[in-house]
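Notebook open, structure loaded. I want to look at one helix first, then at the packing.

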Amino acid sequence: TDLSILFSSFNVHDLTISDIREGNTEEKIEIFKHYTFISMRLMCDESIKERDQDMDFNILLFKDFVITIHDKQWQSITDILGFVNLLCTNAGTVLTPDWVLFSVFIELAQDAQYLVDGLEPEINQIRMGSKSLDQMSDVMRRIFDMEFQIYTISRFLKPKMNILRTLKTKCGKRLSKIVVRLLSDIRDDSKEISHDLETLDHILERSQDTFLALVNIEKSREANEMSNVMQRVSEIALVFLPIQMI
């Protein structure tokens with residue numbers, strides 16, 4: 001029923017309706033005569049660990065209004081509405097659809113930054129934690145989990161950066177200049193977040209190499225101790241063997 005209303009009352013194109021209905025489409029932006037269609041994949045609270053928990057989020061940006069469609073509950077909608085309210089009441093901004101679009105993307109950037117900030121202390125704890133051999137398996141498992149989370153955040157960020165670039169290059173006339181500039185700033189911030197993720201991933205790789213080297217050293221030490229024990233056994237055998245034969 002909702003899709004029929006979009007088609008009949010708002011003259012939304014069949015291709016857009018098909019993308020919204022099917023879901024799991026490629027993250028993209030499409031420009032039509034009287035609206036702009038943006039399709040994205042968002043992370044729910046648990047999707048940082050479970051890829052299947054991603055959420056379809058679609059934006060129809062018209063000249064005088066915005067329609068958003070999502071198939072799951074997204075708590076950030078409340079924050080977006082609060083931010084828009086602050087813009088209108090405290091900043092005295094005239095509410096237009098492009099400001100709503102800006103508030104959505106700034107919320108996405110803040111979500112990504114929050115996830116990265118949460119990774120840093122845990123990665124530092126792994127790097128500075130105990131390196132005893134009996135805890136190595138747990139450490140390696142935590143490193144794998146951290147690398148998967150870094151991959152998930154990177155996968156979340158990159159398509160949004162492409163959409164922001166398209167908004168600047170192809171939709172500049174549909175957005176106010178100040179919003180275009182602010183969206184460019186969000187893209188720059190997203191680049192910095194991506195760089196931070198690469199740095200954290202490099203730290204994890206170096207930590208993993210260090211832990212593996214420590215495991216090899218510990219194994220070599222145990223082998224040397226066993227070799228020394230066998231050498232002492234052989235020496236004792238050499239002493240008692242002639243006596244036993246006599």
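I started with helix α3, residues 76–89, in what is a predicted model. I get 14 residues and a reach of 20 Å from the first C-alpha to the last, close to the 20 Å expected at 1.5 Å a residue.

Next I looked up which residues of α3 are buried: Ser76, Ile80, Val84 and Leu87. They cover an arc of only 85° around the axis, so they sit on the same side of α3. On the face of α3 turned away from the buried side I found the exposed residues Thr78 and Leu81.

Then the cores. The largest nonpolar core has 45 residues, and Met40, Phe105, Leu167 and Leu183 have the most contacts inside it. I listed the elements that give two or more residues to this core: β2, β3, α3, α4, α5 and α6. Its largest share, twelve residues, comes from α4. I also noted a second, separate core of ten residues, with Ile20, Phe32, Phe37 and Ile67 among them.

Leaving aside neighbours within four places in sequence, I find Leu167 in contact with Ile29, Ile38, Leu101, Phe105, Gly172, Leu175 and Leu183.

Last entry: is Ser190 buried or exposed? Ser190 lies in helix α6. Its relative accessibility is 4%, and the cut-off for buried is under 20%, so I put Ser190 down as buried. Not counting residues up to four places away in sequence, Ser190 touches Leu157 and Met161.

Conventions: Residues numbered from 1 in each chain as written. Predicted model: local features only at pLDDT ≥ 70, side-chain atom pairs only at ≥ 80, totals over all residues. Heavy atoms only, no water. Helix = DSSP H or I, 4+ residues; strand = E, 2+ residues; numbered from the N terminus. Expected span 1.5 Å × (residues − 1). Buried < 20%, exposed > 50% of the residue type's maximum accessible area, 1.4 Å probe, protein only. Arc of directions from axis to C-beta. Core = buried A, V, L, I, M, F, W, Y, C linked by side-chain atoms within 4.5 Å. Contact = heavy atoms within 4.5 Å.
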